[in-house]
Amino acid sequence: MADFEMYQEYQRIEEYDEDSPPGEEDLIIHVPEGRGDPWHHIKNLDNFFTRIYHFHQKNGFACMVLSEFFELVQFLFVVTFTTFLFNCVEYDVLFANRAVNHTGQSHKVTIPDAILPSEQCIERIEGNSCIIFLLIMAAIFWVYRLVKVICNVLSYWEIRQFYIKALKIRMDDLCNFSWQEVQVRLIHLQREQPMCVQKRELSELDIYHRILRFKNYTVAMINKSLLPIRLRVPFFGDMIFLTQGLKYNFELLLFWGPLSLFQNKWSLHPKYKRAANRQELAKQLSRVILLTGMVNLLLCPFVVVWQVLYAFFSYAEVIKREPGSLGARRWSLYGRLYLRHFNELDHELHGRLGRGYKPAATYMNAFVSPLLSVLAKNVAFFSGSVLAVLIALTVYDEDVLTVQHILTAITVLGVVITVTRSFIPDEHMVWCPEQLLQCVLAHIHYMPDHWKGNANKAETRDEMAQLFQYKAVFILEELLSPIITPFILIFPLRSKSLEIIDFFRNFTVDVAGVGDICSFAQMDIRRHGNPQWMSEGQTEASVYQQAENGKTELSLMHFTIKNPHWQPPQESSVFISHLKEKVQQDAQTGPSPQLLMSEAPLCTSLLSNESATGPDNLLASVLAHPILTASGLPGWNRRFTPQNSTASAAASVLASLSSSQQPHTGRSRSHTLLPSRQHYDVPMYCSEHTVGDSMSASDSKMLSQSKSALASEFASAEMSLHAIYMHEVHQQKTQHTSGLLQAPVSMRDLSTNSGPQIQSSQTVSLVLPTSGHLGGWAEEEEEEEGDEEEINTSPVPDQTSRGSS
């Protein structure tokens with residue numbers, strides 16, 4: 001880390017005391033030499049670290065300023081162009097319903113003929129009071145956005161200066177730095193020159209808590225089924241509704257609005273931490289929710305108009321060009337929050353779900369209705385026949401295009417054919433739902449228990465569709481959101497006011513130098529562990545305090561793997577050690593890693609492919625192995641495959657990975673995996689210390705990759721193996737309590753007698769897939785909702801959490 005000799009002056013800022021979390025009243029603010037003003041953005045560390053993170057993820061100053069500029073231009077264009085279309089176009093002339101006088105000569109209608117003169121256009125606008133009102137509202141909003149953009153640009157410039165002068169990262173090199181590398185420089189900077197933090201040592205978890213303070217609360221509420229609201233729709237059953245607009249209202253009510261539960265960005269109002277007046281506070285929150293719902297109802301017409309216009313301008317051309325884009329899928333907002341770990345940054349979540357996109361899409365596309373397939377084939381035949389004739393006539397004589405509505409017919413027929421093809425299954429597809437769902441689990445890390453062994457059921461597919469929705473469903477939900485959101489706020493959400501108050505009181509802790517955070521974000525096994533998820537004997541949590549679906553345990557493993565330098569607290573260290581011991585024990589009955597690598601069909605092809613990377617080989621060696629394929633089938637479980645076969649296979653690879661790092665305990669836990677191509681007796685994994693010596697000529701392409709990017713891929717593969725292993729152990733424990741556990745069978749004996757192997761097309765690629773992106777509404781933003789058990793609303797335990805981490 002570069003030294004800070006050029007920064008020698010420091011200055012105490014007293015006027016920022018009211019903006020600081022507990023323990024940060026006396027802030028030491030950094031002042032560059034030769035300047036009299038401090039780094040003003042450091043006064044609020046939540047904003048400071050968040051802006052540093054977003055600055056990195058959005059590729060620096062120029063990209064961020066350009067994006068802000070075009071947002072302003074885009075809004076201005078939509079308003080101006082819509083006003084022009086409604087008031088300045090003569091549609092009777094454009095549609096040839098009225099002849100145009102061209103001094104007696106025949107003349108084709110041109111675009112200028114259909115556009116009114118500017119004086120007549122202005123007169124029309126001035127004569128419509130509704131248009132005038134809407135334009136005034138749009139102008140006020142645009143000016144507000146302009147002021148906000150100017151403030152943001154000034155903030156971006158300060159962050160740019162911090163990157164260059166403090167972190168020693170030039171803007172040209174920013175894209176070459178991973179977030180982990182930026183984070184390491186921040187931690188080193190804290191040790192050399194303290195940055196507005198009471199703690200002398202800044203940890204990775206402190207930074208994550210600052211950036212994800214409110215997001216961790218939301219993930220926890222999803223996990224405890226406090227949110228989202230489930231609606232019972234006739235003919236459709238229970239549906240989960242969560243849109244960008246509804247999520248915005250949730251955040252406004254709970255986190256940063258003028259009447260929210262937080263008095264600032266890092267501190268919950270003290271009154272919400274006391275149990276004595278919980279009923280009164282619940283009534284107060286109910287009134288605030290009612291008021292917010294009424295405001296939404298009043299603004300509903302304006303928001304609907306904007307949503308329709310924005311959707312039309314965003315999607316119309318793409319839908320005309322690629323009608324099949326609407327049939328593409330995306331992770332829903334509910335799915336993004338349900339599948340999100342505690343303390344998982346946006347880019348980590350997006351990368352993980354991106355890796356799971358291909359197997360998830362393959363799994364969902366495998367469900368095809370035979371009846372719809374027959375109808376689709378016939379509709380496609382008839383539509384294609386008519387379309388072929390029209391195209392042939394057009395090729396023969398282009399004057400056919402002048403026939404009224406002929407272009408419309410060709411377009412509609414093309415759309416019909418594209419839509420019907422989506423209902424026709426691939427004749428070469430192999431139906432293997434359990435193996436596909438196992439591939440999905442490897443990346444999304446969370447799956448309800450009842451999905452295991454029921455991957456071929458329509459109920460499982462419908463529940464998966466709530467996490468992985470059609471693009472068309474996303475667009476429809478966003479268009480309906482302004483209408484449905486007010487009613488959700490006014491009716492169902494108000495009834496949860498007391499549960500919300502109890503949640504924030506019971507699950508808020510005050511961390512010195514950080515402020516109030518969600519207690520689940522501490523990933524404390526003792527306080528929030530679940531005995532069914534390998535934390536038995538280590539947790540004191542009641543059912544109300546336990547995180548569902550192993551969220552605490554899986555989040556702890558994810559954070560530990562993604563941040564190898566982080567030193568977990570004592571309770572977390574005990575859990576990690578226990579997990580490693582369990583892995584070593586199960587690995588003894590599992591197949592050897594070399595056997596997994598050699599027998600998996602996809603892995604064999606990857607080993608002979610010089611362009612393949614280590615992470616692909618690692619995950620493919622487990623996911624493509626016949627043992628894992630058979631483990632999801634009830635018949636195989638009972639006759640041939642032991643219940644712990646999948647766990648043993650995953651444990652075998654994880655144990656090999658762990659043993660390969662033992663000689664280098666002094667270094668970080670980051671590692672590089674290098675499969676041996678010729679001698680399977682050598683270790684499959686090598687630490688960074690020996691990478692250069694152990695690489696063969698065929699792996700030369702790997703040397704050109706960034707070490708940090710490659711380490712991130714290996715960390716993702718390692719976490720995927722842990723997710724598979726922990727789910728299998730959880731299933732074993734659940735079945736053991738039901739008396740269904742069977743005697744184990746030697747895995748090495750079984751692996752030599754496995755059935756047909758699975759095709760390589762069913763394995764997961766670690767490369768981010770290019771799904772049909774349509775633009776429009778922001779699709780990576782949060783990301784919410786969880787599919788868990790309802791919170792018990794009977795006597796709520798009074799557990800005001802005020803401990804420190």
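Thr-50 sits in helix α1, residues 45-57; helices here are DSSP runs of H or I with at least four residues, strands are runs of E with at least two, and both are numbered from the N terminus. Thr-50 is buried, with a relative accessible area of 18%. Buried means under 20% relative accessible area, exposed means over 50%, and partly exposed is in between, using a 1.4 Å probe and protein chains only. Leaving aside residues up to four places away in sequence, Thr-50 touches Arg-210 and Ile-211, where a contact means heavy atoms within 4.5 Å.

Before going on, some ground rules: this is a predicted model, with local features needing pLDDT of at least 70 and side-chain atom pairs counting only at pLDDT 80 or more, while totals for chains, interfaces and linings use all residues. Residues are numbered from 1 along each chain as its sequence is written, and side-chain values use heavy atoms, with hydrogens and water left out.

Ile-125 is found in helix α5, residues 118-126, and is buried at 16% relative accessible area. Ile-125 touches Thr-83, Asn-87, Ile-131, Ile-132 and Leu-135, again not counting residues up to four places away in sequence. Take Asn-87 from that set: Ile-125 and Asn-87 are 38 residues apart in sequence, yet 6.5 Å apart in space, C-alpha to C-alpha.

## The chain as a whole

Zooming out, the chain has 33 helices and 12 strands. Of its 805 residues, 50% count as buried. If you look at contacts with a separation of 6 or more, 75% of them are between residues 24 or more positions apart.

The accessible surface of the chain is about 38100 Å², and carbon and sulfur atoms account for 59% of that. Accessible areas come from the Shrake-Rupley method with a 1.4 Å probe; for residues, only the protein chains shown count as cover.

## A nonpolar patch outside

Phe-133, Leu-134, Met-137, Leu-259, Leu-291, Val-295, Leu-298, Leu-299, Phe-302 and Val-303 make up a nonpolar patch on the surface, with about 880 Å² of accessible area together. Patches take residues with over 30% relative accessible area and no salt bridge; like charges are joined within 9 Å, and nonpolar side chains (Val, Leu, Ile, Met, Phe, Trp, Tyr) within 5 Å.

Two elements, α6 (129-166) and α11 (278-321), each give two or more residues to the patch. The largest share, six residues, comes from α11. Val-295 is in helix α11 and counts as partly exposed, at 38% relative accessibility.

## Salt bridges

There are 22 salt bridges in the structure, a salt bridge being a side-chain nitrogen of Lys or Arg within 4 Å of a carboxyl oxygen of Asp or Glu. One of them pairs Asp-346 with Lys-215 at 3.4 Å, N to O. Asp-346 lies in helix α13 (residues 346-355) and Lys-215 in helix α9, so this pair ties together parts that are 131 residues apart in sequence. Asp-346 itself is buried, with a relative accessible area of 11%.

Glu-536 and Lys-733 form another salt bridge, with the closest N and O atoms 2.5 Å apart. Here Glu-536 is in the loop between α21 and α22 (551-562) while Lys-733 is in helix α32 (residues 707-737), so the pair ties together parts 197 residues apart in sequence. Glu-536 counts as exposed at 53%, and Lys-733 is partly exposed at 26%. There is also a network of salt bridges linking Asp-524, Arg-526, Glu-540 and Glu-571.

The Glu-477 side chain does make a polar contact with the side chain of Gln-469, at 3.5 Å. A polar contact is a pair of N or O atoms within 3.5 Å; within protein, one must be able to donate a hydrogen and the other to accept it, and residues adjacent in sequence count only if both atoms are side-chain atoms.

Most residues other than glycine have a negative phi, and most peptide bonds are trans. Lys-168, not a glycine, has a positive phi of about 60°, and Met-523 has one of about 55°. Met-523 is buried at 0% relative accessibility, whereas Lys-168 is partly exposed at 35%. A cis peptide bond joins Leu-227 and Pro-228, with omega about -5°.
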